[in-house]
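Please keep the sequence and the model in view throughout.

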Amino acid sequence: MTLTIALAGNPNCGKTTLFNALTGSSQRVGNWPGVTIDKKVGRIRGCDAELVDLPGIYSLSPYSPEEIVSRNYIVNEKPDAIINIVDATNLERNLYLSLQIIDMGIPMVIAMNMMDEVEKAGDHIDSDLIAKSFGISVIPISAAKKENIDKLVGAIMDAATSRKVPPHVIYDDTIESTAQEAENALKGKVPEENIRFYAFKLIDDDPLVNESVPGARESIMGSIRRMEEEYDDSADSIIADSRYRKITEVVDAAVKRAPRDERGSLSDRVDRIVTHRIIGIPIFIVVIAMVYFLALYDGESFTSPGAWATGCFNDWFAEMSADLSEWCDENDVSEITSGILIDGIMAGVGAVLGFLPQIAIMFTLLIILEEVGYMARVAFVMDRIFRYFNLSGKSFIPLLVGTGCGVPGVMSARTIESESDRRITAMTVTFMPCSAKLPIISAIAGALAGNMWVAVYAYFMGIVLVIFSGIILKKFKRLAGNPAPFIMELPPYHIPKLYGVLKGIFDRCWAFVKKAFTVVLLASVIIWFLCHFDFALNYLDPETEMEDSILATLGGYIAYIFIPLGWENHWELAASTITGLMAKENIVATLGVVLVGDSEATISSVSDALAVMLGNEAAILSFFSFNIFCAPCVAAIGAIHRELDTWGATGLAVLYQCTVSYCIAIIVYAVYGTIIGVDIDWYTYALAAVDVVILAYLLVAKDPFRQKREAKA
């Protein structure tokens with residue numbers, strides 16, 4: 001019989017690392033909370049046992065969806081045993097969840113992780129004393145170094161097969177008598193083995209328990225009031241304080257700490273600088289600018305490693321395309337077949353694959369920042385700004401995740417307790433430039449003579465749009481909620497592990513390559529067909545007849561919408577924008593086919609053709625602004641639908657993003673075009689003025705729900 005083991009613990013305590021060590025899996029590991037968004041399943045190596053990796057939670061009083069996932073799994077699925085992983089460097093916080101799991105009446109083993117960090121600090125933890133105090137096995141481990149993993153497996157298998165339940169942790173007499181009365185009120189209404197857990201949740205006024213057992217709390221209100229009067233506090237605070245007193249008593253006896261430097265640890269000293277309320281944000285701006293500079297910059301006096309590698313890759317790809325073209329000529333391959341191979345697949349896929357070196361370098365730098373622990377500090381710094389504008393700092397973590405891919409960025413919004421913040425974040429996280437948008441950034445940078453500041457503009461304008469959206473959308477009743485509290489344990493800085501960095505780079509680059517050879521390849525073939533055939537399916541001469549093609553006809557109708565943005569009546573630009581809804585890489589792939597249309601469709605040739613077509617920097621920046629901030633790819637839209645529940649809400653989210661991006665693009669064109677002396681039409685100025693007035697009104701208009709939020713807070 002296969003046993004089921006649950007893996008539970010606080011965020012950022014090494015849970016995913018331990019899951020990988022136990023199962024041999026390779027789930028993503030990150031040095032900030034929220035890596036595990038949903039439960040993951042694997043098989044413990046060498047055992048007939050299934051391991052379920054639950055989302056990180058601080059307690060079993062769920063406020064956010066991922067906490068509900070963890071609690072519901074433990075309560076409803078009834079695993080045979082639980083591995084409760086705790087951070088040995090912060091036992092006081094981590095053991096709170098442990099005491100709650102003990103109340104569940106399920107066999108459990110505590111995996112005391114990061115013991116290598118404890119030893120490095122010169123501290124000593126008496127794990128036997130902790131085990132004796134709580135009546136459960138406590139195994140000191142280092143998940144990262146795979147120390148004591150076999151011992152942990154033996155302990156959890158013994159607990160699961162023997163079904164030995166941890167003894168109850170006993171609190172003060174008044175608390176125990178109230179808990180006993182709560183158990184009596186719940187008998188026959190909840191599972192007997194979990195009754196103590198439900199009893200404390202009933203005393204805490206947990207809404208999930210109150211809904212499942214209506215009237216139970218009212219029947220014990222007399223005991224609850226007597227307890228509150230005796231302790232002069234609310235019931236939930238009394239229970240929490242009693243648990244922390246028990247934890248403090250055990251930890252004080254079991255932990256011997258080495259003398260500390262009065263200046264604090266190295267992490268503390270660095271944090272005083274990078275999390276400083278004034279210079280923290282400028283440091284962040286410089287760091288991100290350097291990331292994009294090293295990945296993208298291609299100037300006359302300096303070429304970044306990313307731009308140099310991309311140039312070499314494009315030269316090799318151009319040679320391969322030329323060889324393929326020569327082979328087609330020598331073997332009398334039909335014009336249509338050679339056109340699909342060279343002008344469709346090679347031009348479209350090649351224009352996208354050319355960015356792979358830049359993507360690899362950018363991800364290398366971002367993953368190093370994650371592994372070091374800096375990105376967690378960024379979330380802490382940004383909390384001040386987000387909270388000022390009525391959003392939680394937790395909303396910034398999905399934005400960081402979204403720079404890799406919009407889909408996990410949207411999904412990680414589940415870590416936010418506030419429903420309104422969660423929905424707003426899911427709706428707006430794709431404003432951030434993900435890896436699929438990097439080809440657009442690079443192409444536009446090339447069209448602007450190597451100006452890599454468009455990357456910094458895309459990154460920080462994405463953050464600004466999320467903040468503005470928080471201000472605007474909170475004024476609508478459905479999204480008018482309090483910002484979620486942001487409590488996050490900052491992980492210690494550490495040297496990135498080579499395997500973790502290389503694996504992260506490979507995973508993200510491989511995902512990019514897979515999309516290039518699936519979605520982008522299919523789209524390139526379709527785009528080639530649409531721009532080389534008319535509606536009567538007659539093959540067209542690409543040099544003289546492409547404007548009669550299906551794609552040109554469809555793009556021509558749509559192009560009128562973008563005339564005020566400075567794109568003129570170019571069907572090629574409208575067509576690339578529409579194909580970008582399938583995958584953002586398709587924008588560059590489409591431009592490679594319709595603007596260049598041959599095997600030379602490298603990034604530089606696409607950039608040059610785009611610059612010639614649009615004619616001025618204002619129109620180029622307008623094209624960039626719309627496409628970088630408008631609705632995401634279909635995969636991200638699907639993720640938004642999963643978070644918002646209905647297609648109606650998803651449609652509104654997509655419409656909101658497209659509307660905002662259109663407004664930003666037309667304002668950028670009008671303002672920047674005026675500065676550089678572009679001849680702008682009157683209707684562009686009129687629409688830009690209307691957009692400015694509407695946006696200003698939405699930002700400064702009175703918030704009808706502000707007083708209610710402040711009263712609740």
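Against which helices do the buried residues of α7 pack? They pack against α8, α10 (216–219), α11 (221–231) and α12, where packing rests on contact, meaning heavy atoms within 4.5 Å. The model is predicted, so local features need pLDDT of at least 70 and side-chain atom pairs count only at pLDDT 80 or more, while totals for chains, interfaces and linings use all residues. Residues are numbered from 1 along each chain as its sequence is written, and side-chain values use heavy atoms, with hydrogens and water left out.

Helix α7 itself covers residues 173–186. Helices here are DSSP runs (H or I, at least four residues), as strands are (E, at least two), and both are numbered from the N terminus. The 14 residues of α7 should span 20 Å at 1.5 Å a residue, and the end C-alpha atoms are 20 Å apart, which agrees; the expected span is 1.5 Å times one less than the number of residues. Among the buried residues of α7 are Ile175, Glu176, Ala179 and Leu186. In this text, buried means under 20% relative accessible area, exposed means over 50%, and partly exposed lies in between (1.4 Å probe, protein chains only). After α7 comes Gly188, with a positive phi near 80°.

Charged side chains form a further theme. Side chains of opposite charge can pair when their charged atoms come close. A salt bridge is counted when a side-chain nitrogen of Lys or Arg lies within 4 Å of a carboxyl oxygen of Asp or Glu, and by this rule there are 13 salt bridges. One of them joins Asp103 and Arg196, with 3.5 Å from N to O. Asp103 belongs to helix α3 (residues 91–103) and Arg196 to helix α8 (residues 195–203), so the pair ties together parts that are 93 residues apart in sequence. Both Asp103 and Arg196 are buried.

Another salt bridge links Lys201 and Asp204 at 3.3 Å, N to O. Lys201 is buried at 1% relative accessibility, and Asp204 is buried at 15%. Salt bridges that share partners bring Asp103, Glu176, Arg196 and Arg243 into one network. Of these residues, Arg243 is located in helix α12 (residues 235–254) and is buried, with a relative accessible area of 1%. The contacts of Arg243 include Tyr96, Asp103, Tyr171 and Phe200, residues up to four places away in sequence not being counted. By contrast, the salt bridge between Arg43 and Asp48 (3.2 Å, N to O) has partly exposed partners: Arg43 has a relative accessible area of 43%, and Asp48 has 38%.

The nonpolar interior can be considered next. A nonpolar core is a set of buried Ala, Val, Leu, Ile, Met, Phe, Trp, Tyr and Cys residues joined through side-chain atoms within 4.5 Å. The largest such core has 128 residues, and Phe396, Tyr459 and Ile463 have the most contacts inside it. Apart from this core lies another, of 63 residues, which includes Ala6, Ile106, Ala179 and Phe200.

How many of the residues of α17 are buried? The answer is 12 of 17, and the helix is mostly covered. The buried residues include Leu356, Phe363 and Leu366, together with Glu370 and Glu371. Helix α17 comprises residues 356–372; at 1.5 Å a residue it should span 24 Å, and its end C-alpha atoms are 24 Å apart, which agrees. Gly373, with a positive phi near 110°, follows α17.

Several loop residues complete the picture. Asp205, in the loop between α8 and α9 (207–212), has a phi near 65°, a positive value in a residue other than glycine. This residue is partly exposed, with a relative accessible area of 40%. Glu568, in the loop between α25 (550–559) and α26 (571–579), likewise has a positive phi, near 55°, and is partly exposed at 46%. Thr303 is found in the loop between α14 and α15 (305–330). The C-alpha atoms of Thr303 and Val466 are separated by 32 Å, and the two residues are 163 residues apart along the chain.
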